[in-house]
Amino acid sequence: MRITVHSAKCQGHARCWAQAPDIFNLNDEGYILPGAIDVEERDELLASRGARSCPERALEIDCA
Ligand code: F3S
């Protein structure tokens, strides 16, 4: 699974990080780092919870 990060939409809510701090990396100001995140199969549940928790819809789950 891959998560596309739309960092321009991030408002620093950090809900993604609260769910999965090892998957979602924030900068010093608390905003998500740009770029795609490749998620290991064992981490998919946690990662999808984190992505869905973002109120700005900044984290898009790609299942392909
Ligand atoms: Fe940003 Fe959403 Fe996470 S606003 S810090 S991507 S919960």
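Author: Helices (H or I, at least four residues) and strands (E, at least two) are DSSP runs, numbered from the N terminus. You are looking at a predicted model, in which local features need pLDDT of at least 70, side-chain atom pairs count only at pLDDT 80 or more, and totals for chains, interfaces and linings use all residues. Residues are numbered from 1 along each chain as its sequence is written, and side-chain values use heavy atoms, with hydrogens and water left out.

Reader: Thanks! Is Gly30 buried or exposed?

Author: Gly30 sits in the loop between α1 (15–19) and β2. Its relative accessible area is 17%. Buried means under 20% relative accessible area, exposed over 50% and partly exposed in between, with a 1.4 Å probe and protein chains only. Gly30 is therefore buried.

Reader: How far apart are the C-alpha atoms of Gly30 and Ala18?

Author: Along the chain, Gly30 and Ala18 are 12 residues apart.

Reader: Let's turn to the strands. Which residues make the covered face of strand β1?

Author: Strand β1 takes in residues 2–5. Arg2 and Thr4 belong to its uncovered face. The covered face is made by Ile3 and Val5.

Reader: Which residue in β2 is the bridge partner of Ile3?

Author: Strand β2 spans residues 35–38 and runs antiparallel to β1, with four bridges joining them. Two strands pair if DSSP finds at least two bridges between them. Within β2, the residue bridged to Ile3 is Ile37.

Reader: And which residue in β3 stands opposite Val5?

Author: Strand β3 holds residues 59–62, and four bridges pair it with β1 in the antiparallel sense. The β3 residue opposite Val5 is Leu59.

Reader: Which residues does Ile3 touch, not counting residues up to four places away in sequence?

Author: Contact means heavy atoms within 4.5 Å. Beyond four places in sequence, Ile3 touches Phe24, Gly35, Ala36, Ile37, Val39, Ala47, Ala51, Leu59, Glu60 and Ile61.

Reader: Ala47 is in that list. What is its relative accessible area?

Author: Ala47 is placed in helix α2. The C-alpha atoms of Ala47 and Ile23 are separated by 6.7 Å, although the two are 24 residues apart along the chain. Ala47 counts as buried because its relative accessible area is 0%.

Reader: Is Ser48 buried or exposed?

Author: Ser48 also belongs to helix α2. Residues up to four places away aside, it touches Met1 and Ile61. Its relative accessible area is 11%, so Ser48 is buried.

Reader: What is the relative accessibility of Asp62?

Author: Asp62 is part of strand β3. Its contacts outside four places in sequence are Met1, Arg2 and Thr4. Asp62 counts as partly exposed because its relative accessibility is 22%.

Reader: What is the volume of the largest cavity?

Author: A cavity is a set of points, on a 1 Å grid over the protein atoms alone, where a 1.4 Å probe fits but cannot get out, and lining residues have an atom within 4 Å of a point. Points are joined across faces, edges and corners, and the volume is the space filled by probe spheres set on them. The structure holds one cavity of 30 Å³ or more. The volume of the largest cavity is about 90 Å³.

Reader: Which lining residues lie nearest the centre of the largest cavity?

Author: The largest cavity is lined by 13 residues. Nearest its centre are Cys10, His13, Ala14, Cys16 and Cys54.

Reader: What is the phi of Ala14?

Author: Ala14 lies in the loop between β1 and α1, and at 24% relative accessibility it is partly exposed. Most residues other than glycine have a negative phi. Ala14 is not a glycine, yet its phi is positive, at about 65°.

Reader: And what is the phi of Arg57?

Author: Arg57 is in the loop between α2 and β3. With 68% relative accessibility, Arg57 counts as exposed. Its phi is positive in a residue other than glycine, near 55°.

Definitions and conventions
On a 1 Å grid over the protein atoms alone, a cavity is a set of points where a 1.4 Å probe fits but cannot get out, and a pocket is an open set with protein on both sides within 12 Å along at least five of seven lines; lining residues have an atom within 4 Å of a point.
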